[in-house]
Amino acid sequence: MVAQANRVPVLIDQQAKTARVSADLQALDTYWQASQTLSPQPSAVEKPTHIQIVQAANRYVEVSRVATQIRQLVATGNYRYRDFLVLTRHLDAYQTVIDPIFQAQAVPYFDDADIRMADHPFVELLNALFDVQRRNYRYADVFRVLKSELLLPRDADGELMAVPAYRQALALTENFVLKNGLEGQHWWTQDKDWVYNRFAVGDGGVQTTRDDQISAQINRIRQFVKQTLPPFFARLKAAATYTDAAAVLYQFVTNAGVSERLIAWRDQAIAAGDLTKAGQPEQTWAAFCDILDEFHTILGDLPTVLPDFQALLQAGFAGAKFSQIPSTLDQVVISESGIVQANNRKITFIMGATADTMPDNQIPTTLLADNDRQDLSARLQQVDDGTYLRDDAATQLAGEPYLNYLAFMSGSERLIFSYPAMSDDARSGLQLSPYVARIKDYFGLSIDIAAANPVAENEAILPFVGTRRTTLRHLVQASHDSQLREVPLSRSWLYVLNLLRTDPTYGELTTKLLGSLSYRNVPTQLMPDIVTQLYGTKINTSISKLEEYYANPYAYFLKYGLNLQERDVFALSPASTGEFFHATLDGLMKLVNDQKLNLAALDDQQLREMTDEVMAKLLDTTENPQFAILESSHRMGYIRQQLMKTMRQMAKTLQEQSKRTKLRPKRTEVQFGLGDERGLAALSFDVGKRRQVTVRGRIDRLDAVQVKDKTYLGIVDYKSSEHKFSYQEAYYGRAMQMLTYLDAVKQNLPALLDTPTAKDAELAGAVYLHLQNPILKAAEVLGEDPLTSLLKAEQYQGLLLDDPDLLTNLDTLFGTPDYSGSSLLFRGLRRTKTGKITSYGKLLVNPNELDLLLTHTERLIKRAATDIFDGRVDLAPFREQNRTALQYSPYKSVMQFDPLLKENNYRDLPSLNKDDVMARIAAEQEQEATDEHEI
């Protein structure tokens, strides 16, 4: 009326004669609007064919089903990729699976998810640069800078170093830095070049040409750091204002070629057809320049505070996101359902239709609670009508039906809901959205189940057919199912199999992947020529290596046959600690003997001075660079002091022990088979076919005691942890060290003693001594001499000869006629009231039992050598109660041992006591004698 009164023409309403959406979607539109109001619901309609609900096992299967269906629909010729819209409430839950699945299905797509600029390598480079200076060239920070690959060395012509060559040099440099623990600016900026060496047994410590080449590569990286970073840090530190600091930073990244590298990345992405990624370098550079401009505009003349400068840079990038534009017209759009979409799509997939996201969870995560927001909103409206706060949770929840309605109506032909049945961590199930459940009940829809894996005999294989590569993956799964359940493949799968086998591109790969189904994780026995190339005809080994063979033959092959090694890391290993302990005690004993002193007669000051003298020489890093780690940090300095305290305590322990026994150290660090002039001969055994095994080793200490006309020789082995002799482990070849050392002493008695004495010599046994600085509990020292408590905590324990003459002289307490009780020096040794000396744990052996043990050890050595020469590399790790050979193995990823596989089994070691072991050894020896007699 007003328009007519003012003679304004009134246009007639025009309504579309043809609905934009299909009849099924119109019915959904009508139902959904009615369900959100008080109006009566429309009458039920026929079951729609263009609305579908799919349940998948997990998100991966869900996305895979969507991508496969899109590819198949496009293959019909009735659709283009631009006809599809894939929605979900939150894309971040699907980001890890969308790209690999859509790429595998060769489906072009545009992902509308936000990509944070703070994760770009250029931003990481800027953060790392400041961290290098702030934390004094820590290893991690320096390599964050170098691994960004935005800073590259230049050659004499000013050309950037080729990326493959740079990566190789950087990897070698990182290995060198980790091996030598090079932390701090002085290592990177020193004038002296780094020298690479990797000395191995038998190379004579010779620097090879290969070592020189590696040294040149790592020093090129070091020189690059030295010439690039310190000058930049000096200029940045000298910057008086934020404008100056921004200028210094901009000039540095420009002169260092960072902008050139960003342009190169852009061009590479364009060449690869990835226009989305191609825009990221330019956007990051533009954001960087904008941030520097803001520094100049806002903070320009203020004095520079470098930590604030870095923090503001980070804050500038923290909220920045890459703007994304679809790179082609014909591609699937993947977006979030809360974003308004164009209504030009034919089919909409709504993923993640679960109760958690449809409707979306509206738990407040902001500072203000809903009631606070309502109060503030009312006050703001009174002051300014145009000022408002974000809606509270209740208001947002009220808008959920409308947001989802827009998603439902975004396609014109079909709507497909899907949801995963399990959460990402597979710990909890997910429920279907109540919105979708209502639609399902109203229309009487059924839920289609998207299987994760195909069934071998199923003819309906269409959900698993996509590109040749993805179809091959499912063919392998179906074939595996056929093999496990012993059912034939369906004709459909056989048809696919025939197509892929005859395909010129995928035929070879198909044969290879299907061949994996018959693969068994069982190492193949080595051919004789390979064994000869690896080991020759003579194995020179230590007994600890053969113990590793009995723990797991395949691990022995990897370590000593192929010489696989872990990357060297600058750390104080147990081996280094043990070396320090052994060298200190060896040096102390030799110093006492050289000065013709009696250890038991030294006073405390003399003992400490001699111990400190030995350790001072040992810790001289010019002579012993392996102990340089003990000077590398304050923490290592503390550990060094603790190690020295332990050695002083052990020196005192050895002195007190020498006062209470007639055993005296005869020699220390006794070598056999190592070529030492004063050493002993190796243990050598012929194993047939002109092959030989030679065992070498080093005995920590050899003690002797003269009783009447007989000399007893005993072995002391220093250990940095608790050790006990085990008959069971000795029998199975897992603890042969002490018995091998005893055998070496027995075979070399003439070299250790003069001829008349050697004839009457006996082996006293072999014991462990735990090198420690024990901490005693209050209950252990109350009412007892502390020295006695210390001696009890540092007792010898091991195998001893059951000889009354020997045992009486092991501890002076046993020489006292009226004494009955335990020994202070040897754990488990006890004198009864009748004067008999016994041992719990049955660690006393008679000469016949000791000979049986030594003979069995020799048999184990020869058996291991024979198996190695025969090429036996069985994957058979031992398992003993709760311990296995794989527990601390660095080769697990190589061995791929899986106890669930039929062919992979642990070698279980039954528990045995002394009597069991002796009976078995005697039986084996008797059987061996019988076999030799028959031959």
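1. A word on classes before we look inside: Ala, Val, Leu, Ile, Met, Phe, Trp, Tyr, Cys and Pro count as nonpolar, Asp, Glu, Lys and Arg as charged, and the others, Gly among them, as polar. This is a predicted model, where local features need pLDDT of at least 70 and side-chain atom pairs count only at pLDDT 80 or more, while totals for chains, interfaces and linings use all residues. Residues are numbered from 1 along each chain as its sequence is written, and side-chain values use heavy atoms, with hydrogens and water left out.

2. Start with the largest cavity, whose volume is about 210 Å³. A cavity is a set of points on a 1 Å grid over the protein atoms alone where a 1.4 Å probe fits but cannot get out, and lining residues have an atom within 4 Å of a point. Volume here is the space filled by probe spheres set on the points, with grid points joined across faces, edges and corners. The lining holds 21 residues, with Leu663, Arg701, Asp703, Val716 and Tyr796 nearest the centre. By class, 14 are nonpolar, five polar and two charged. Strand β13 gives the most, with four residues. Helices (H or I, at least four residues) and strands (E, at least two) are DSSP runs, numbered from the N terminus.

3. Next, visit the second largest pocket, at about 650 Å³. Among its 26 lining residues, Asp99, Gln103, Tyr109, Asp274 and Thr276 are the closest to the centre. A pocket is an open set of points with protein on both sides within 12 Å along at least five of seven lines.

4. In one of them, lysine 179 pairs with aspartate 568, with the closest N and O atoms 3.9 Å apart. Lysine 179 lies in helix α7 and aspartate 568 in the loop between α23 and α24, so this pair ties together parts 389 residues apart in sequence. Glu124, Asp131, Arg134, Arg135, Asp141 and Arg144 are linked in a network of such bridges.

5. Another bridge joins aspartate 503 to arginine 468, the closest N and O atoms being 2.8 Å apart. Aspartate 503 is buried because its relative accessibility is 13%; buried means under 20% relative accessible area, exposed over 50%, and partly exposed in between (1.4 Å probe, protein chains only).

6. Now for some backbone details. Methionine 358 and proline 359 are joined by a cis peptide bond with omega of about 5°, and proline 359 sits in the loop between β5 (345-350) and α14 (370-383). Glutamate 149 has a positive phi near 60° and lies in the loop between α6 (139-147) and α7 (163-180). Asparagine 563 also has a positive phi, near 60°.

7. Finally, find phenylalanine 443 in helix α17 (residues 434-443). At 4% relative accessibility, phenylalanine 443 counts as buried.

Definitions and conventions: Salt bridge = Lys/Arg side-chain N within 4 Å of Asp/Glu carboxyl O.
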